[in-house]
Amino acid sequence: MVTITVNGVRREIQAPNDTPLLYVLRNDLELSGPQFGCGLSQCGSCSVLLDGKEIRSCVTPLSAALGKEVTTLEGLPARWAQQKGLSKVEAEKTLHPIQQAWIEEQTPLCGFCQNGMMIKATELLERNTTPTVAEIKEAFTTSGPSAHLCRCGSYTSIIEAVQRAAQVMAKAR
Ligand code: FES
Ligand code: FES
């Protein structure tokens with residue numbers, strides 16, 4: 001048995017250390033944000049944050065999460081609430097600005113890839129609140145082990161949603 005911290009909560013896991021983190025999140029912890037796409041670190045749909053950095057959970061062993069903070073799509077509202085210093089009551093009614101922007105821009109088509117897109121956007125906007133279009137494209141294409149792929153071609157609205165979220169996050173700081 002090992003203990004990992006996911007979305008701010010310590011969770012005990014009974015699985016071998018080399019189990020892919022994605023399997024633990026989806027099967028043991030019933031977190032359905034991260035998706036199984038390629039299983040080969042080539043699409044980005046399984047992405048989560050590990051100490052604030054985007055990783056591909058399909059190829060990351062459970063052991064890599066020991067002593068670190070895992071944040072999934074489900075944990076983004078609480079992450080934002082903590083960064084903003086919101087009360088518990090306020091936090092329960094709050095979406096992360098990235099999730100809100102995705103809704104307002106009607107970004108998802110089939111939606112399968114969008115977990116990874118929002119996780120990557122979170123990583124980007126936490127370190128750069130005013131990214132240029134070129135920096136947004138770079139984040140989604142060449143900054144990680146592979147480009148984040150959207151088979152539906154929602155790339156333009158992803159860029160627009162990142163820009164919308166960036167405005168909200170910059171104002172909040
Ligand atoms: S499922 Fe992990 S990168 Fe595709
Ligand atoms: S919205 Fe369908 S794969 Fe991206």
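Which residues are buried in helix 2 (residues 76-84)? In this predicted model, the buried set is made up of Leu76, Pro77, Arg79 and Trp80. These four sit on the same side of helix 2, because the arc they cover around the axis is only 160 degrees. As for what lies over the buried residues of helix 2, the cover includes strand 5 (69-71) along with helix 3 (88-92), helix 4 (97-104) and helix 5 (114-127).

Take the pairing with helix 7 (residues 155-172) to begin with. The axes of helix 4 and helix 7 come within 8 Å, crossing at roughly 135 degrees. The crossing is right-handed. On the helix 4 side, the contact uses Pro97, Ile98, Ala101, Trp102 and Glu104, and these meet Ala161, Arg164, Ala165, Val168 and Met169 of helix 7. Sorted by class, this contact of helix 4 with helix 7 holds 8 nonpolar residues and 2 charged ones, with no polar residues at all.

Now for helix 5. Here the axes of helix 4 and helix 5 come within 10 Å and cross at roughly 130 degrees, so this pair, too, is oblique. The crossing of helix 4 and helix 5 is again right-handed. Helix 4 brings Ile98, Gln99 and Trp102 to the contact, while helix 5 supplies Gln114, Met118, Ala121, Thr122 and Leu125. The contact of helix 4 with helix 5 splits into 5 nonpolar and 3 polar residues, and no charged ones. Ile98 and Trp102 of helix 4 turn up in the contact with helix 7 as well as in the one with helix 5.

Back in helix 7, there is also glutamine 163. It counts as partly exposed, because 16 C-beta neighbours lie inside 10 Å. Glutamine 163 is 48 residues from asparagine 115 in sequence, and the two are 17 Å apart in space, C-alpha to C-alpha.

Two loops between strands round out the picture. Asparagine 7 belongs to the loop that links strand 1 (2-6) and strand 2 (9-13), and it takes a positive phi of about 50 degrees although it is not a glycine. Aspartate 51, found in the loop between strand 3 (47-50) and strand 4 (53-56), likewise has a positive phi of about 50 degrees without being a glycine. What about their surroundings, buried or exposed? Asparagine 7 counts as buried because it has 22 C-beta neighbours inside 10 Å, whereas aspartate 51 has 11 inside that distance and so counts as exposed.

Note on methods: Residues are numbered from 1 along each chain as its sequence is written. Chains are lettered from A and ligands numbered from 1 in the order in which they are written. This is a predicted model: local features need pLDDT of at least 70, side-chain atom pairs count only at pLDDT 80 or more; totals for chains, interfaces and linings use all residues. A residue is buried if 20 or more other C-beta atoms lie within 10 Å of its own, exposed if 12 or fewer, and partly exposed in between; C-beta atoms are placed from the backbone. The arc is that of the directions from the helix axis to the C-beta atoms. Two residues are in contact if their C-beta atoms, placed from the backbone, lie within 7 Å. Axes are lines fitted to C-alpha atoms, for helices over the stretch in contact, and angles run from 0 to 180 degrees between N-to-C directions. A crossing is left-handed if the near helix is turned anticlockwise from the far one by less than a right angle, and right-handed if clockwise. Ala, Val, Leu, Ile, Met, Phe, Trp, Tyr, Cys and Pro count as nonpolar, Asp, Glu, Lys and Arg as charged, and the others, Gly among them, as polar. Angles under 35 degrees count as roughly parallel, over 145 as roughly antiparallel, 65 to 115 as roughly perpendicular and the rest as oblique.
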